[in-house]
Amino acid sequence: MAKYKCSERTHKKIYNAARELFAERGYDATSLIDIANKAEVSVGTLYRHYPAKQYLLLYAADDALASMRALIDGFSDDMSCYEKILAVMSADMRDCLEVFDSGEPSAEDLGYGLHLEHRSAIYSSPTAFDYAYKNRAAMKALFEDMLEQGVRNGELAGETDIADFADILVAVFFRQYDLALFDPDGDGSLGALERKLSFLFDLLKP
């Protein structure tokens with residue numbers, strides 16, 4: 001067990017080093033040697049954790065899921081499923097958009113480029129796509145758990161198709177990401193996210 005914990009710490013340490021370097025220099029300008037040096041591990045150790053550089057970008061979804069689960073675990077029992085889902089989505093988007101609120105044009109350019117690289121990494125190989133797809137399925141499962149609570153508590157109509165509704169929520173979530181990151185004329189604000197979720201939940205009230 002101790003060995004597993006050590007491995008997890010190393011995994012996260014490498015990821016955090018990469019994330020800092022990507023934010024400072026951009027994805028293309030950061031080498032694996034740079035990341036290994038900053039994380040204070042050997043290149044061989046880095047490869048054991050991340051077989052290719054794009055997996056450092058894909059791991060961001062793992063990190064986001066872990067943060068979502070931690071947030072959900074801390075929710076009070078009297079929160080509605082709508083409040084929980086809005087809080088989870090808002091927290092994740094807020095973390096992502098911090099770089100865009102920094103007021104530094106260079107930081108915005110690097111952040112924009114990093115998200116384009118992330119999108120490219122997803123489709124770089126069947127293995128990478130499967131990795132990303134499983135993460136998205138895990139996010140859907142989190143939403144399904146909260147929606148099932150909503151049905152049990154009478155917040156949603158009993159005939160609500162939980163799986164379909166969770167799919168719609170995932171689609172809305174990533175649509176808001178696209179608006180916030182790539183569409184200067186679109187409304188990618190947290191207020192727009194709240195408005196859309198409120199509309200959907202109102203449709204499914206008993």
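Helices here are DSSP runs of H or I with at least four residues, numbered from the N terminus.

Figure 1. The model is predicted. Along the sequence the chain reads α-α-α-α-α-α-α-α-α, with nine helices and zero strands. Of the 206 residues in the chain, 40% are buried. Among contacts with a separation of 6 or more, 68% join residues 24 or more positions apart.

Figure 2. Helix H1 covers residues 2–25, and Thr10 lies in it. The relative accessibility of Thr10 is 18%, so this residue counts as buried; the cut-off for buried is under 20%. Leaving out residues up to four places away in sequence, Thr10 touches Val41, Thr45 and His49.

Figure 3. The buried residues of H2 are Leu32, Ile35, Ala36 and Ala39. They line one face of the helix, because they fall within an arc of 100° when seen down the axis of H2. In an α-helix there are 3.6 residues a turn, so residues three or four places apart point the same way. Ile33 and Asn37 are exposed on the other side of H2. Asp34 is also part of this helix, which spans residues 32–39. With 22% relative accessibility, Asp34 counts as partly exposed. The C-alpha atoms of Asp34 and Ala17 are 9.0 Å apart, while the two residues are 17 residues apart in sequence.

Figure 4. Most residues other than glycine have a negative phi. The residue belongs to the loop between H2 and helix H3 (43–49). Glu40 has a relative accessible area of 65% and is therefore exposed.

**Figure 5. Close-up of the packing of helices H4 and H7.** The axes of H4 (residues 54–73) and H7 (residues 126–152) come within 10 Å and cross at roughly 10°. This angle makes H4 roughly parallel to H7, since angles under 35 degrees count as roughly parallel. The crossing of H4 past H7 is left-handed. On the H4 side the contact is made by Tyr55, Leu58, Tyr59, Ala61, Asp62, Leu65, Met68, Arg69 and Ile72. The H7 side contributes Thr127, Ala128, Tyr131, Ala132, Asn135, Ala138, Met139, Leu142 and Met146.

**Figure 6. Close-up of the packing of helices H7 and H8.** H7 and H8 pack with their axes 9 Å apart, at an angle of about 125°. The two helices are therefore oblique to each other. H7 passes H8 in a right-handed crossing. From H7, the residues that meet H8 are Arg136, Met139, Lys140, Phe143, Glu144, Leu147, Glu148 and Val151. Their partners in H8 are Ile162, Ala163, Phe165, Ala166, Asp167, Leu169, Val170, Phe173 and Phe174. Met139 of H7 is also among the residues in contact with H4.

**Figure 7. Close-up of the packing of helices H8 and H9.** Helix H8 (residues 162–182) and H9 have axes that come within 11 Å and cross at roughly 160°. H8 is therefore roughly antiparallel to H9, the cut-off being over 145 degrees. H8 passes H9 in a right-handed crossing. Phe165, Ile168, Leu169, Val172, Gln176 and Leu179 of H8 meet Ala192, Leu193, Lys196, Leu197, Leu200 and Phe201 of H9. Phe165 and Leu169 of H8 also meet residues of H7.

**Figure 8. Close-up of helix H9.** H9 has 14 residues, 190–203, and reaches 20 Å from its first C-alpha to its last. That span is close to the 20 Å expected at 1.5 Å a residue. Ala192, Leu193, Leu197, Leu200 and Phe201 are buried in H9. These residues are on the same side of H9, because they cover an arc of only 165° around the axis. Phe199 and Leu203 are exposed on the other side of H9. The buried residues Ala192, Leu193, Leu197, Leu200 and Phe201 are also among those that meet H8.

Methods
Residues numbered from 1 in each chain as written. Predicted model: local features only at pLDDT ≥ 70, side-chain atom pairs only at ≥ 80, totals over all residues. Heavy atoms only, no water. Expected span 1.5 Å × (residues − 1). Buried < 20%, exposed > 50% of the residue type's maximum accessible area, 1.4 Å probe, protein only. Arc of directions from axis to C-beta. Axes fitted to C-alpha atoms, helices over the stretch in contact; angles between N-to-C directions. Parallel < 35°, antiparallel > 145°, perpendicular 65-115°, else oblique. Left-handed = near helix turned anticlockwise from the far one by under 90°. Contact = heavy atoms within 4.5 Å.
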